[in-house]
Amino acid sequence: MVTGSDGKEHAELGKSPSPGLFREIRKALEGLWSLVVGLGVTGNQFYRPAVTVHYPRQTVDNLSTYRGPVELVPSDKDPDTSKCILCGMCAQTCPSGCIEIESHQEEEPDAPEAEGKAAAAGGDAAEGEKKAPPKRKKKIKVMDKYLLKFHLCSLCGQCVQVCPASALRFSHEVYLAGTSRSDFEFDLLARLRAQRRGGTGSNPGRGGSG
Amino acid sequence: MNVLGIHIAVELIQIVVAVVAFLAFIGVNVLVLVLMERKVAGRFQRRPGPYEVGPHGSLQTLADAVKMMAKELHTPRGADKVLFWAAPIVTFAPVVVSFMPIPFGPKYLTGWEVNLGVVLILAFASLGVFGICLAGWSSNNKWSLIGAARAVAQSVAYEIPLLLSVLAIAFQVGSLNLSEITAGQGSWPWQWNVAVQPLAFFIFVVSMLGETNRAPFDLPEAESELTAGFHTEYSGMGFGLFFMAEYAAMVVVCSVGTVLFLGGWKGPVFDGPWWFLAKVYGLLFVMMWFRWTFPRVRFDQLLNINWKWLTPLALLNLLAVAFLVKVV
Amino acid sequence: MRPEEAFRTLSGDFYTRSLQPGPTEDTLILNMGPQHPSTHGVLRIVLELDGEYIVRAEPVLGYIHRMHEKMGEVKTFAQYLPNMGRVDYLHALAWNWAYVGAVEKLCGIEVSERAEYIRVITAEMNRISSHFVWWGAYLLDLGAFTPIMYAFDDREWLLDLLQIVTGSRLTYCYFRFGGVSDDVTPEFIEGTFRWCERMRSRLPMYKALVTDNIILRKRCEEIGPIDLDMARRYGATGPVLRGSGVAYDVRRAEPYSVYDRFHFEIPVGKAGGDAMDRYLVRMAEMEQSLNIIEQALRRLPPGPVMHEKAPKRLKAPKGEAYFAVEGARGKIGVHLVSDGGKNPYRVKLRAPGFSNLSLFSELARGVLLADAVSILGSLDLVIPEIDR
């Protein structure tokens, strides 16, 4: 073989073709052997069990780390409400604009162990000596609905990260199926209450398998 | 009525019965084969394959067949209607006839005893190519045209080593009658023709893959390049006929291979059609194994393999056999 | 209407009609795509074929243009993070990194050391998973139906591991300005060590099944040779460039993060690299990524995953910054311009696939159609990244 002007090798003309022929035959036999080796690999795989998870007879077992739809974290004091302080940061941060919170203002209840911000005013009730004028009832915000349009959510985690009260976390639900877009507009507060009553309130129409 | 007339009538009835029986045989075989292909593919790929329809997916092909029959038969705009719908039939019909000379079992299990059985099968295999050509042309689709051109070139090319390797066996046995070729082999594997002519068997297997457009030589239906090759435009039963023709052709060539090289219906114990079927399905499994392992051979390389390697090898083999038969 | 008008309306659109007839009269003008199994994504290539040979090939883009750069201008800096996972979903963490790096460079935010190591580990794992998809899809184009299944089996392990730490399997939104969002768990570390071992035992199987296979070698060798001049003219980067013998890797040439602390080789092909060289470069890169992951895991420093001084609310000064990372496909760059407001003024995304694809037009002249498919596969294109 000679090196031509283009840097590629060419067979020399005029030389006997036999060495080239033998090399070709050897290359062909090596090639055939590589095919046999390949057949051996797939043949080996033939006898091994399937690696797929045969849903719905089997299910995957590693969902505890999966970022499912967000859910509200129940408050320690009243598990029927969440830790949410209704600051609206999540709705503001969400890139897809899928969070909408409905709330109304209420007067703070009298009980001294009123929660959250009202606790700051609770210190006054303990002092009995000073005759303070009757306190004006503080207005607090109470959540009515926490609407999450899950069909817009990109599971980015900005809402979870930015919440100052750590009131949002990812759930681990994947078995969500619905027949219309409105099936995926969740009211997280309602879901929280439904979870407390038993059943996850996850799939509209399914028994909920947690 | 003279004797000749009765003889002809009996033969005609025999042929008609055989054709009907083979249509049924092809139907059942295709049902089993398609499922087998998908299950085998699944096993090679470490997954279950069809599972839901019927126990372990056994009724899957039946469901697919019903679905195909229920589909709309759509003719593309600008297609030549006559040729378009003649093509699947022209592809399918010769395959049914090819089953006739094959001996399934010892005595009466041959469709039609023909002295030139081998020639008949090869002739009708060529007719199948004609159907592909018609399909590609009449579809009014550039992709189909390219696929059909490739298929025709490939099938025509691979018939030559196929024929030559078959001829090698015919030289050795001295007859083209498939029953006689079966009779000439023994019961045990070392008495089969493959032990005497392994090279011819190898050439036969490769040409078998090329002739039936199976991987790694499946460029005419290369899904990832041409969408579906020559049968892109067919829907419903048109596609169904092509599909059945492909699988039936696979069974035909595997049967021919079994008869010529693997001892036909003979086996170590209890000769009969069960050995024949076992060997045919063994060869079919090997074909599927090849399909699910190797990538596709490029078209010009495919033809290269044929003209530069298989044909000279087959010719040399034939010469050697002829020499040995005459001299030894 | 007149016959010539009928022809114009019935056959072809703007692109095919404006393709002037080629040198020979009997050429076929064909559309490969946008719906085609071999163009990875919605790529349309207008081909002029003479029999089986390609006379001309012109890619037509824009079928999946999703206006990511415009979205960068109307979202805040933090709100833009999930977009980066969607640009090139196969190597989402590299795009995450490029954007987060650009913002950190612009605002002068430091990253905690543990987070740097975690970024390296997860991004390299993502690179391996991207190469698996490339490998499987390339072989699928070439007609081998099983290797993709084996590749995806390995990839499942990898995605499960990445799920532990990021929570997602494909479109990660894991990096934050100043670190990453969650820490790695001991389960992850142990699982990754085990997975690295398993990978090393699987790679020889891939070699035996595919790389040494004569049919594959015949489909890849001497197909689509890219010489240095062509690569330079089109701005090719990544394995496309390294397959042609140029050892340019952003992790070595313009080191970012803690890559200068790890030992890894840069596999290169020979000059005038063909599809086989690019193939071998990517397979070798997978092994080198394994090395980097193991080194980083062993040396993972303790500490927080977000830097203490990372701001809760980002205040971007006026200015611009460019940050480049080595993605699975090449050099990913994000050029960020800020005018001091809440949103960026301009986010320019430099996709490596765009430059790599522009090679195709010149490469495909005079090759067979089957070879064009092989070339496209060896360029490892992800069209959503090209169209952004």
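A nonpolar core is a set of buried Ala, Val, Leu, Ile, Met, Phe, Trp, Tyr and Cys residues joined through C-beta atoms within 7 Å. Here, buried describes a residue with 20 or more other C-beta atoms within 10 Å of its own, exposed one with 12 or fewer, and partly exposed one in between, with C-beta atoms placed from the backbone. The views below come from a predicted model, in which local features need pLDDT of at least 70, side-chain atom pairs count only at pLDDT 80 or more, and totals for chains, interfaces and linings use all residues. Residues are numbered from 1 along each chain as its sequence is written, while chains are lettered from A and ligands numbered from 1 in the order in which they are written.

**View 1. Ala248(B) and Ala98(C) in the largest nonpolar core.** Among the 187 residues of this core, these two touch the most other members. Helix H10 of chain B (residues 236-261) gives the core its largest share, 17 residues; helices (H or I, at least four residues) and strands (E, at least two) are DSSP runs, numbered from the N terminus. Another core, of 18 residues, lies apart from it and includes Leu72(A) and Phe186(A).

**View 2. The neighbours of Ala98(C).** Two residues are in contact if their C-beta atoms, placed from the backbone, lie within 7 Å. Leaving aside neighbours within four places in sequence, Ala98(C) is in contact with Phe323(C), Ala324(C), Val325(C), Ile332(C), Gly333(C) and Val334(C).

**View 3. Where chain C meets chain B.** Here 24 residues of chain C are in contact with 22 residues of chain B. On the chain C side, H9(C) provides the largest share, 4 residues. That side divides into 15 nonpolar, 4 polar and 5 charged residues; Ala, Val, Leu, Ile, Met, Phe, Trp, Tyr, Cys and Pro count as nonpolar, Asp, Glu, Lys and Arg as charged, and the others, Gly among them, as polar.

View 4. Most residues other than glycine have a negative phi, and most peptide bonds are trans. Leu86(A) has a positive phi of about 60 degrees and is partly exposed, with 17 other C-beta atoms within 10 Å.
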